[in-house]
Amino acid sequence: MGTSKAPILLSSRPSFCNIVAPKSGARRAFPSRPLTQMETGGLDSDGRTFKNAEEMWREEVGDGDPQKKFQWYNKGINYWQGVEATVDGVLGGYGHVNTPDIKASEDFLNTILAERFPDAGRGRHLVALDCGSGIGRITKNLLIRYFNEVDLLEPVSHFLESARVNLAPENLMVSELHKAANFYCVPLQEFTPDAERFDVIWVQWCIGHLADDDFIAFFKRAKVGLKPGGFFVLKENIARTGFVLDKEDKSITRSDSYFKELFKQCGLHIYKMKDQKEFPDELFAVKMYALTTEMPGQGNKPRTKRATNRPAIIR
């Protein structure tokens with residue numbers, strides 16, 4: 001599963017924080033070792049409380065029941081199939097957060113590109129994967145200006161068809177050296193990237209639809225798709241503690257500590273973090289994580305100077 005949305009009331013896009021706990025998205029959480037940091041309880045959008053994530057996942061997707069898991073993902077897809085393919089639609093009626101969202105993401109991306117690639121990637125053929133791309137909002141407003149190629153991954157077919165139109169060359173104001181290359185109508189939990197294709201894999205407002213086991217499996221597969229020096233950016237709603245389950249679109253909002261425990265199990269390290277600013281107070285907090293396969297200080301950081309990457313030349 002995976003569609004890129006934004007902050008809204010109890011859903012995988014940004015969500016309202018008037019529910020005490022945040023939400024996130026995942027399927028059943030029964031990894032090989034106990035998730036000790038996930039013992040904190042949570043609640044669902046009906047106000048029901050759970051003593052821990054395992055109790056919630058057992059009820060939602062069953063203990064190894066493929067049919068219940070299928071139903072979990074199918075209900076999430078069905079929810080988004082009923083949403084219009086517009087910025088306001090994918091952002092849950094909060095289309096006005098698009099500008100501060102893109103601005104914060106661009107600042108975050110610029111900083112990391114400048115630190116990890118010589119001359120911030122100039123002279124390098126940069127490729128990105130936009131996970132849960134929706135209608136191509138993030139690709140069009142941000143990624144395609146920095147990357148020569150962007151692949152889009154989105155399981156909701158009418159969103160992806162809209163993205164094809166939005167990202168057609170005649171609808172873009174970027175150099176012909178920058179393009180949307182591939183459009184994959186595939187859910188995150190079923191996608192495996194080509195080896196060493198991507199400099200950046202961007203995952204925003206969609207990972208809340210994955211159960212914990214599929215979250216871990218996705219990132220383990222996706223790591224293979226990173227080039228040397230490549231990294232993930234995960235941008236998500238953050239629960240104050242534990243988790244919040246959205247019963248309507250079948251997603252959960254996880255807390256910062258919940259995410260960090262999952263990152264460990266994925267074999268990922270936090271390179272940099274930053275909080276999103278300038279969002280309405282009624283929305284969940286949103287955090288950006290840059291994640292690498294190597295520990296900070298041990299990876300490929302071949303910078304020659306602290307340059308700031310520039311968007312592509314405007315035609």
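This is a predicted model: local features need pLDDT of at least 70, side-chain atom pairs count only at pLDDT 80 or more; totals for chains, interfaces and linings use all residues.
At 0% relative accessibility, Trp 205 counts as buried. As background, most residues other than glycine have a negative phi.

Lys 250 has a positive phi too, about 55°, and is not a glycine either. You'll find Lys 250 in the loop between β8 (243–246) and β9 (251–254). Is Lys 250 buried or exposed? With a relative accessibility of 10%, Lys 250 counts as buried, because the cut-off for that label is under 20%.

## The chain as a whole

Zooming out, the protein chain has eight helices and eleven strands. Of its 315 residues, 60% count as buried. The chain exposes about 12300 Å², and carbon and sulfur atoms supply 50% of that area.

Now for the contacts. Take those between residues at least 6 apart in sequence: 77% of them join residues at least 24 apart.

In general, nonpolar side chains in soluble globular proteins tend to be buried together. Here the largest nonpolar core holds 55 residues, and Ile 207 and Phe 215 touch the most other members. Leaving out residues up to four places away in sequence, Phe 215 touches Ile 207, Leu 210, Arg 254, Phe 259, Leu 262, Phe 263 and Cys 266.

There is also a second, separate core of 31 residues, which includes Leu 109, Phe 117, Phe 147 and Ala 163.

## Helix α6 and its buried face

Ala 163 turns up again in helix α6 (residues 157–166), where Phe 159, Leu 160, Ser 162 and Ala 163 are buried. Looking down the axis of α6, these buried residues fall within an arc of 160°, so they line one face of the helix.

## Aromatic pairs

A search of the whole structure turns up 15 aromatic pairs. One of them joins Tyr 184 and Phe 191, with 5.4 Å centre to centre and 50° between the planes, which makes it tilted. Tyr 184 counts as partly exposed at 26% relative accessibility, while Phe 191 is buried, with a relative accessible area of 7%.

Phe 259 and Tyr 289 make another tilted pair: their ring centres are 5.9 Å apart and their planes are at 50°. This pair links distant parts of the chain, with Phe 259 in helix α8 (residues 256–266) and Tyr 289 in strand β11 (residues 285–292), 30 residues apart. Both Phe 259 and Tyr 289 are buried. They also belong to one aromatic cluster, together with Phe 215, Phe 218, Phe 219, Phe 232 and Phe 263.

## Charges over rings

Which ring does the charged end of Arg 124 sit over? That would be Phe 117, with the charged end 4.2 Å from the ring centre. Phe 117 also belongs to the second core.

Arg 254 does something along those lines with Tyr 258: the charged end of Arg 254 sits over the ring, 5.4 Å from its centre. Arg 254 is also among the residues that Phe 215 touches.

Notes
Residues are numbered from 1 along each chain as its sequence is written. Side-chain values use heavy atoms; hydrogens and water are left out. Buried means under 20% relative accessible area, exposed over 50%, partly exposed in between (1.4 Å probe, protein chains only). Helices (H or I, at least four residues) and strands (E, at least two) are DSSP runs, numbered from the N terminus. The arc is that of the directions from the helix axis to the C-beta atoms. Contact means heavy atoms within 4.5 Å. Accessible areas come from the Shrake-Rupley method with a 1.4 Å probe; for residues, only the protein chains shown count as cover. Rings of Phe, Tyr and Trp (its six-membered ring) pair if their centres lie within 6.5 Å; planes under 30 degrees apart count as stacked, over 60 as edge-to-face and the rest as tilted. A charge sits over a ring if NZ of Lys or CZ of Arg is within 6 Å of the ring centre and within 35 degrees of the ring normal. A nonpolar core is a set of buried Ala, Val, Leu, Ile, Met, Phe, Trp, Tyr and Cys residues joined through side-chain atoms within 4.5 Å.
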